[in-house]
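Reader: I would like to learn how to read a protein model one feature at a time. Could we start with a single residue and then work towards the larger features?

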Amino acid sequence: MPCPALPDGFDFTDPDVLQARVPFPEFTLLRRSEPVRWIAQRPGISGFDDAGYWAVTRHADVKYVSTHPELFSSNLNTAVIRFNESISRDQIEVQKMIMLNMDPPEHTRVRQIVQRGFTPRAIRSLEDALRSRSHKIVEAALESAADDGSFDFVTNVAVELPLQAIAELIGVPQEDRSKIFDWSNKMAAYDDPEYAITEEVGAEAAMEIVSYAMHLAAARKECPAKDIVSQLVAAEDEGNLSSDEFGFFVILLAVAGNETTRNAITHGMHAFLTHPDQWELFKRERPVTTAEEIVRWGTPVVSFQRTATQDTELGDVRIKKGDRVGIFYSSANHDPEVFENPDVFDITRDPNPHLGFGGGGPHFCLGKSLAVLEINLIFNAVAEAMPQLRLTGDPRRLRSAWLNGVKELQVSTR
């Protein structure tokens, strides 16, 4: 019997694939047979003038790539593994100002500044406000539900707390949060025809965020307040961010802190409602391990990429300087060499060394503690106000090359 093989032409970054499903069977196949596998692409289809990328699927290898930035650069081609083929190289180059797409030592400098806003003390200072907001969000969803108790969980619950948390964190007026939501959607949804978003519209949205943030930074320099913006931009010559650096930092928050947490919450709700034993367990015991398992299970970012800075070797495969390397967190988080029963949703899983917040190294998620707090708070609020919540339809998935996104999840309280 011949060994199973990946179908000819299969590409893990094909947005049609992720619109339908996360390709777990194909990940399993590669982890077993070819954990570092060349995936051929037509030059230009991803926005890069090359012939494809290496797909890295094992947990250990994803961690290795993540923790060796001297070998695998985030900056050379950015961390985004696939753009729309209409993007220009100049548009890609602009994205290198975002911290996600920097390498040390520049990344180290910027991260040391912005992490001031993510200290344990800073996150604890948000907890009471975000707890109150969580309950108000759930109450508003109940009030807006149709006569039969139905509503869209994504729009009415999942999107709200991450947006409000960002607004709370950087001092954006709450009435402006819908602008941030709209701009971040346009940046992230360029592969989904439902949104009819082009690369140009996405770039314009990014510039809108930068402009908004720069005006906010300028206002705080003139009149400091007790918020993170004032801390980050108050005295540029004393190791703080310039106004444009702050603008690109807000872009990172809008996507990395908004899109990802929103999708983690949505995937978590779907997991609970398709695993009723886990929902009952959560309502009864509220395990502290819950949020980590939700992130492992949902893995909102399927993959990022790095680019080899020199000829090197990974998993006995020779990788040439300049080759793009895709690190697939969704695959790593289901690696049976690391996780017992990886295809089981278990909110008591401990230890849980998932890579849903990155594979370690310099790009480990800066906002992990904030995301965990948001997930815990929103599910506590849902459990208290909507204990009988049930699914009324399948998730409608986002067409994306690298986000495990859900656009709509219909539920009912009756």
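**From one loop to the core**

Author: Let us begin with Asp316, which has its place in the loop between strand 6 (312-314) and strand 7 (317-319). Please keep in mind throughout that this is a predicted model.

Reader: What is the phi of Asp316, and is Asp316 buried or exposed?

Author: The general idea is that most residues other than glycine have a negative phi. Asp316 has a phi near 65 degrees, which is a positive value in a residue other than glycine. As exposed means over 50% relative accessible area, the 72% of Asp316 makes this residue exposed.

Reader: Which other residue has a positive phi, near 50 degrees, and where is its place?

Author: That residue is Arg286, again a residue other than glycine, and its place is in the loop between helix 13 (276-285) and helix 14. Its relative accessibility is 28%, so Arg286 counts as partly exposed.

Reader: Which peptide bonds are cis in this model?

Author: As a general idea, most peptide bonds are trans. Another cis bond runs from Asp350 to Pro351, where omega is near 5 degrees; Pro351 is found in the loop between helix 15 (329-332) and helix 16 (368-385).

Reader: How should I read a sheet, and in what order do the three strands of the open sheet stand?

Author: Strands of a sheet pair through backbone hydrogen bonds, and they do so either parallel or antiparallel. In this open sheet the three strands follow the order 4-12-9, and their pairing is antiparallel. Strand 4 (150-152) and strand 9 (390-391) are at the edges and have a single partner strand each, so one side of each has no neighbour in the sheet.

Reader: How many bridges join strand 4 to strand 12, and what is the bridge partner of Ser150?

Author: These two antiparallel strands, of which strand 12 covers residues 410-412, are joined by three bridges. Ser150 has Ser412, in strand 12, as its bridge partner.

Reader: Which residues have the most contacts inside the largest nonpolar core?

Author: This core holds 128 residues, and those with the most contacts inside it are Phe12, Phe153, Phe246, Met269 and Phe379. Helix 12 (residues 243-274) contributes the largest share of this core, namely 15 residues. To see what such contacts look like, follow Met269: leaving aside residues up to four places away in sequence, Met269 touches Phe153, Trp279, Phe379, Val382, Leu389 and Leu409.

Reader: How many cavities of 30 Å³ or more are there, and which residues line the largest cavity?

Author: A cavity is a space where the probe fits but cannot get out, and the count here is two cavities of 30 Å³ or more. The largest cavity, with a volume of about 50 Å³, is lined by Met97, Ile98, Met99, Met102, Val110, Glu245, Phe248 and Phe249. By class, this lining has seven nonpolar residues, no polar ones and one charged residue, and helix 12 gives the most to it, with three residues.

Reader: What lines the second largest cavity?

Author: The second largest cavity has a volume of about 30 Å³, and its lining is formed by Leu163, Ile166, Ala167, Val172, Arg177 and Ile180. Helix 8 (160-170) and helix 9 (177-188) each supply at least two of the lining residues, and the largest share, three residues, comes from helix 8. Five residues of this lining are nonpolar, none is polar and one is charged.

Reader: Which residues are closest to the centre of the second largest pocket?

Author: A pocket, in contrast to a cavity, is an open set of points. The second largest pocket holds about 380 Å³ of space; it is lined by 17 residues, and the closest to its centre are Phe24, His267, His270, Trp297 and Arg397. Helix 12 and helix 14 (290-298) are the elements that give two or more residues to this lining, and helix 12 gives the most, with five. Sorted by class, the lining of this pocket has six nonpolar, eight polar and three charged residues.

Methods: Residues are numbered from 1 along each chain as its sequence is written. This is a predicted model: local features need pLDDT of at least 70, side-chain atom pairs count only at pLDDT 80 or more; totals for chains, interfaces and linings use all residues. Side-chain values use heavy atoms; hydrogens and water are left out. A nonpolar core is a set of buried Ala, Val, Leu, Ile, Met, Phe, Trp, Tyr and Cys residues joined through side-chain atoms within 4.5 Å. Buried means under 20% relative accessible area, exposed over 50%, partly exposed in between (1.4 Å probe, protein chains only). Helices (H or I, at least four residues) and strands (E, at least two) are DSSP runs, numbered from the N terminus. Contact means heavy atoms within 4.5 Å. On a 1 Å grid over the protein atoms alone, a cavity is a set of points where a 1.4 Å probe fits but cannot get out, and a pocket is an open set with protein on both sides within 12 Å along at least five of seven lines; lining residues have an atom within 4 Å of a point. Grid points are joined across faces, edges and corners, and a volume is the space filled by probe spheres set on the points. Ala, Val, Leu, Ile, Met, Phe, Trp, Tyr, Cys and Pro count as nonpolar, Asp, Glu, Lys and Arg as charged, and the others, Gly among them, as polar. Two strands pair if DSSP finds at least two bridges between them.
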